[in-house]
Protein chains: 2
Amino acid sequence: MAPRKLKAAEHPPIAAPRQHKADAKAAASHPPARHRPQTRIQKEKQDIILEAALEVFAVHGFRGSTIDQIAEVAGMSKPNLLYYFPKKEEIHRRLIAALLDTWLAPLREMNADGDPFTEIRSYIRRKLEMARDFPRESRLFANEMLQGAPRISEMIEVDLKGLVDEKAKILVDWMDRGLLARADPYHLIFSIWATTQHYADFDVQVRAVLGKGRNGEGRFEDAARYLEQLFMHGLTPRPRPGQKT
Amino acid sequence: MAPRKLKAAEHPPIAAPRQHKADAKAAASHPPARHRPQTRIQKEKQDIILEAALEVFAVHGFRGSTIDQIAEVAGMSKPNLLYYFPKKEEIHRRLIAALLDTWLAPLREMNADGDPFTEIRSYIRRKLEMARDFPRESRLFANEMLQGAPRISEMIEVDLKGLVDEKAKILVDWMDRGLLARADPYHLIFSIWATTQHYADFDVQVRAVLGKGRNGEGRFEDAARYLEQLFMHGLTPRPRPGQKT
DNA sequence: CTAACATTTTTCCAACTGGTCAAAATTTCC
DNA sequence: GGAAATTTTGACCAGTTGGAAAAATGTTAG
């Protein structure tokens, strides 16, 4: 199939919080979720706050961001914001929780039954689309990693590692069947993460280097083309002398 | 030649400040550099401070770091620290200035007269060594980028862009001569930056995914091997049907 | 030794920070 | 319409933050 070009993907509210299974001490949030689970208005306001928080946290990190900043971006007073999220940490936690899920979705889609190159190409494109369409999410994630992931160590050690282990197996299987050049599957995945997220996290640098020219929109297309070439050629199996089968 | 393994590179004091050409208002620093340029002791203390600041800034970013933290790591009182660097921003500025220079050194070494693959392989290895030996510097840089490079926009728009433009020309020349697969030289450089720096900036993630096994030391070796393969194969010129010459 | 200078510590401060609380304004429900 | 519940605001607070001032403590050259 023709490589579908990086189209403007629908912008799902990536930051939308989702209830995580809290059974016992029924949700620690103050006024919301006491008798009735969620008011329509409450959810709206919370989303506005999370949106604003994403904007701020993505740039300044957790410690570098202030509730006042977030409140201002959200267009409400600080006490009012604190009415919905009694703790600064709670906002951050909600953002991160929602993020990781969405962030790993593209990798989850990598299908063992598909053609390796089609799958990998699709994965790269999806990741690149996410870097383009959700740069703030990417930066939030990067910020967290830079700080040593103090707030999500468990998540990356379980959910993320689990998923990567699973997909690494698929890659190795493809390699075993000679459909893909033999290479370290983990580092292969790392390299896809790195090259795609780079365009979100280091956007300023990319823009600066490419100059003020017509790169404004073209850079993601160019990146897609380049990365596709790099990985497709780089991972094409080549019969080497002294290899069995 | 046999691929020299990633050896423990000498640890040059990357953070060592260097006087930048300030001619007029002779250096804004308070007590230092008034009559005599620099006392031996002053330089020592400044280096200790810069070291500590690197440690802190690299993790928490500019806004998220406090002078108290830096002072504590440096083993001195806050006012004492402020005696050497009257402004928090000044510390950061010095770090960044020294950093960018060192950071671009590997790229500067890429030699137009060398063999393309040797040059690129060396570049990748050097960058990977830097990610391994100077992760804090890498994170400091990443932090600055994430924030939109407010303090170094000029540097990246001039020095960095200039250097990349120059090296991109070399790459294109190699491609023209059929020594290297045709590809966007800018995105080629980006991909090397991304894949190598990833091991410093996302170290926690890399460690978590690779598991608690024997990866502790091996991951940089594995990464080097993998990246070498990816880029060497990915950039090998292949005569395609319908291509002139 | 001691005056001149360099360094360090103590004290202090105004602005900012995350967060509380009760009163006021608004919305919801009957 | 009005009582009850929800949302918003203003005043406030204790701890932190970047930084200033000045006194106290070295250090060094004559």
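This is a predicted model: local features need pLDDT of at least 70, side-chain atom pairs count only at pLDDT 80 or more; totals for chains, interfaces and linings use all residues.
Residues are numbered from 1 along each chain as its sequence is written, chains are lettered from A and ligands numbered from 1 in the order in which they are written, and side-chain values use heavy atoms, leaving out hydrogens and water.

**How chain A is built**

- Chain A has ten helices and zero strands; here helices (H or I, at least four residues) and strands (E, at least two) are DSSP runs, numbered from the N terminus.
- Reading from the N terminus, the elements of chain A go α-α-α-α-α-α-α-α-α-α.
- Take contacts, which are heavy atoms within 4.5 Å: among those in chain A between residues at least 6 apart in sequence, 72% join residues at least 24 apart.

**A close look at A:I91**

- You can find A:I91 in helix 4 (residues 88-108) of chain A, and A:I91 is buried, with a relative accessible area of 0%.
- Setting aside neighbours within four places in sequence, A:I91 is in contact with A:I49, A:L50, A:A53, A:F57, A:L81 and A:F85.
- The C-alpha atoms of A:I91 and A:Q46 are separated by 9.2 Å, and these two residues are 45 apart along the chain.

**An alanine with a positive phi**

- A:A149 is not a glycine, yet its phi is positive, at about 50°.
- This alanine lies in the loop between helix 6 (135-146) and helix 7 (153-176) of chain A, and A:A149 is buried at a relative accessible area of 0%.
- In the other chain, B:A149 has a positive phi near 50°, sits in the loop between helix 6 and helix 7 of chain B, and counts as buried at 0% relative accessibility.

**Where the chains meet**

- At the interface, 59 residues of chain B are in contact with 60 residues of chain A.
- Together the two chains bury about 5,100 Å², 67% of it on carbon and sulfur atoms; buried area is the accessible area (1.4 Å probe) that two parts lose on being put together, summed over both.
- On the chain B side, B:L146, B:V209 and B:Y226 lose the most area to chain A, together 15% of what that side buries.
- Ten residue pairs are in polar contact across the interface, both residues being at pLDDT 80 or more. A polar contact is a pair of N or O atoms within 3.5 Å; within protein, one must be able to donate a hydrogen and the other to accept it, and residues adjacent in sequence count only if both atoms are side-chain atoms.
- Helix 8 of chain B gives the largest share of the side that touches chain A, with twelve residues.

**How the copies are related**

- Two copies of a chain are related by a rotation about an axis and a shift along it.
- Here, chain B can be laid on chain A with an RMSD of 0.1 Å by a turn of 180° and a shift of 0.0 Å along the axis. The two copies are therefore related as by a two-fold rotation axis, with superposition by least squares on the C-alpha atoms of residues with pLDDT of at least 70 in both.
- The copies meet through the same surface, because 100% of the interface residues of chain B are also interface residues in chain A.

Methods:
Buried means under 20% relative accessible area, exposed over 50%, partly exposed in between (1.4 Å probe, protein chains only).
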